[in-house]
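Subject: Structure handover and notes

Dear colleague,

I am passing on the structure below, together with some notes on what turned up in it. Please keep it open while you read, so that you can look up each residue as it is named.

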Amino acid sequence: MLTVSRSSRLEYLAEELAASLQTHRPESVLSPQTIVVGHLGMKRWLQQWLAERPQHGRPRFAGNLHMLLPNEWLEHCIEQLRQGSQPQLALFGEITSSAPKSPAPATAAAWRQRALRWRLLPLLAQLQAVELRAYLHGDADPDRPDPSANQRRFELADRVAGLFGQYLVYRREGLIDWQAGKPGALGDHWQGELWRLAVAAIGEPPRHPRGSELLKILKQLPADPETPMLHVFGISHLPPEVLHALIALAQVRAVTLYFPDPCRELWEDLVSRREQLRAELDGTVWLDIGHPLLASLGRRGQHFTLQLNSLDEALERRDPQDEIDADDSVPAAGLLGRVQASIRTLQPKHVATVTADTLSPMDDPSLRVHACHTRLRELEVLRDALLDRLVSLPDLEPRQIVVMAPNMAEYAPLLAAVFGEPARQGEMLPYHLADVPLRLSHPLLASFAELLDLPSQRISRSQVLALLALPAVMRALELDDGQLRALERWLDRCHVAWGLDGPMKADFGAAPEYMHSFAFAVDRMAAGVLLGVEAPDTLLP
């Protein structure tokens with residue numbers, strides 16, 4: 001059976017999950033309990049919450065939990081399916097079989113973006129599409145090498161690899177048509193030819209044929225009521241193929257989906273302001289937005305709600321605490337509580353009653369909006385706000401603070417300037433970066449990536465000095481601070497701007513001017529060594 005547990009508060013869902021993990025334990029203490037989580041941030045929050053939750057007056061710990069992302073769970077099932085034709089499915093999606101293994105084709109890792117982009121990079125040169133060649137080469141002379149063309153080709157390969165990954169999840173039928181040589185739902189595009197070349201280069205199409213086979217096997221598994229259930233926690237959106245696999249598994253196993261539903265009412269028909277205006281222009285029907293926050297920011301959750309409501313075989317379960325929290329007779333405490341109550345009850349009036357005269361932001365800091373002109377200023381305001389909260393709430397600890405952003409990688413280079421180095425003892429606000437690539441959080445790796453990109457860049461004076469200032473580079477070149485400052489003075493006196501020499505400037509569309517390049521600086525310093533302190537009118541032969 002597929003059980004959908006809904007609640008507007010994640011803490012209530014976590015409490016129910018903890019009780020279910022305690023009640024439905026596997027027979028062997030060494031068998032892990034598997035939880036499918038929505039994203040890595042949810043995984044870390046759930047681990048910390050389970051570890052800190054007391055049980056019978058004693059602290060608990062979060063151990064022997066197998067937490068997977070939805071696509072990882074599906075990939076794990078499909079990869080295990082390759083081991084034999086008659087697999088048996090265990091609780092958490094691990095498929096084992098004693099049958100002989102079939103020849104292992106290309107793994108799913110070859111179709112992930114980081115690996116696929118390198119497969120697509122040489123294949124782009126085989127395409128003859130006019131718009132593609134115009135983007136890669138532009139107005140440059142085809143007989144002259146263009147350093148920026150390689151960077152554009154790699155960026156395009158990375159972008160298309162990401163698009164192919166999205167097509168695999170949401171537009172799989174279009175990829176099947178492309179593979180068969182038909183335009184299909186995605187149309188006749190040069191990406192179709194690139195897709196066929198990628199399939200031929202890897203040797204096997206991605207997982208969609210195996211995915212359909214997995215659904216058949218899941219439905220044919222024998223029912224085993226003694227097998228502990230599979231938990232799917234904190235999911236606000238699921239790819240269709242993962243949802244179909246869970247539905248098929250729920251026919252023979254117990255599957256519980258913990259859905260953080262922000263609204264207890266029916267909000268599937270909410271429309272955004274744009275859709276309302278479009279309907280008014282068409283003269284078809286007058287549409288009411290309902291709640292503006294849900295209509296504008298909850299589109300993905302709204303679509304997932306429609307998918308869950310269409311499941312006839314699902315058992316719905318709503319947390320009764322939502323009814324208490326959303327009681328209209330009890331006003332919510334604070335501005336944030338009023339916003340949550342308005343979303344939960346689909347009543348924007350709870351927030352509309354709050355005015356500047358009745359509630360001051362200084363009196364209620366639960367919800368604040370700061371308008372900043374740069375990301376650096378955002379971090380500075382955040383630091384001041386966090387310090388203010390730590391002073392006003394003595395029991396608050398830095399480990400209880402979570403800072404989220406749409407793309408934390410954009411803030412990673414600025415964090416050290418505002419908050420200091422991460423995880424350093426003695427800092428007033430110690431922090432740890434999550435969901436950020438290691439090369440963006442470690443200065444040496446970031447500099448190494450920049451060093452690899454130097455041949456396709458202008459090579460400015462500031463770039464060279466920044467690389468030389470790295471402690472690892474200074475140790476390798478046996479430079480001290482005084483020598484580094486001397487190099488900086490020499491480059492300043494030689495008036496170095498950018499470029500190795502004149503011909504390199506011509507590659508970037510500038511005049512092939514020898515002046516103010518690094519070669520010009522080396523020649524000036526060499527001339528100074530040869531001439532010494534001779535008269536200023538001395539000429540070097």
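R377 is partly exposed, with a relative accessible area of 35% (buried means under 20% relative accessible area, exposed over 50%, and partly exposed in between, with a 1.4 Å probe and protein chains only). Please bear in mind that this is a predicted model, in which local features need pLDDT of at least 70 and side-chain atom pairs count only at pLDDT 80 or more, while totals for chains, interfaces and linings use all residues. Residues are numbered from 1 along each chain as its sequence is written, and side-chain values use heavy atoms, with hydrogens and water left out.

Salt bridges

R377 is the partner of E380 in a salt bridge whose closest N and O atoms are 3.1 Å apart; the term means a side-chain nitrogen of Lys or Arg within 4 Å of a carboxyl oxygen of Asp or Glu. These two are 3 residues apart in helix α17, which means about one helical turn separates them (helices, H or I and at least four residues, and strands, E and at least two, are DSSP runs numbered from the N terminus). E380 is also partly exposed, at 24% relative accessibility.

The structure holds 10 salt bridges, and another of them joins R375 to E410, with the closest N and O atoms 2.7 Å apart. Because R375 lies in helix α17 and E410 in the loop between α17 and α18, this pair ties together parts that are 35 residues apart in sequence. R375 also lies over the face of Y411, at 5.9 Å from the ring centre, where "over" requires NZ of Lys or CZ of Arg within 6 Å of the ring centre and within 35 degrees of the ring normal. R458 is placed in that way over W498, at 3.8 Å from the ring centre.

Aromatic pairs

How many aromatic pairs does a search of the whole structure find? There are 10 aromatic pairs, counted when rings of Phe, Tyr and Trp (its six-membered ring) have centres within 6.5 Å, with planes under 30 degrees apart called stacked, over 60 edge-to-face and the rest tilted. F259 and F304 form an edge-to-face pair, 5.3 Å centre to centre with 80° between the planes. Since F259 belongs to strand β9 and F304 to helix α13, the pair ties together parts that are 45 residues apart in sequence. F259 is buried at 1% relative accessible area, and F304 is buried at 0%.

Nonpolar core

In soluble globular proteins, nonpolar side chains tend to be buried together. A nonpolar core here is a set of buried Ala, Val, Leu, Ile, Met, Phe, Trp, Tyr and Cys residues joined through side-chain atoms within 4.5 Å. The largest one has 30 residues, of which W73, L238, L246, V255 and L257 touch the most other members. Several elements each supply at least two residues of this core, including β9 and α13, and α10 gives the largest share, 8 residues. Leaving aside residues up to four places away in sequence, L238 touches P70, L243, L246, L257, F304 and Q307, contact meaning heavy atoms within 4.5 Å.

A loop residue

H24 is found in the loop between α1 and β2 and is partly exposed, at 36% relative accessibility. H24 and P228 are 204 residues apart in sequence, and yet 5.6 Å apart in space, C-alpha to C-alpha.

With best wishes
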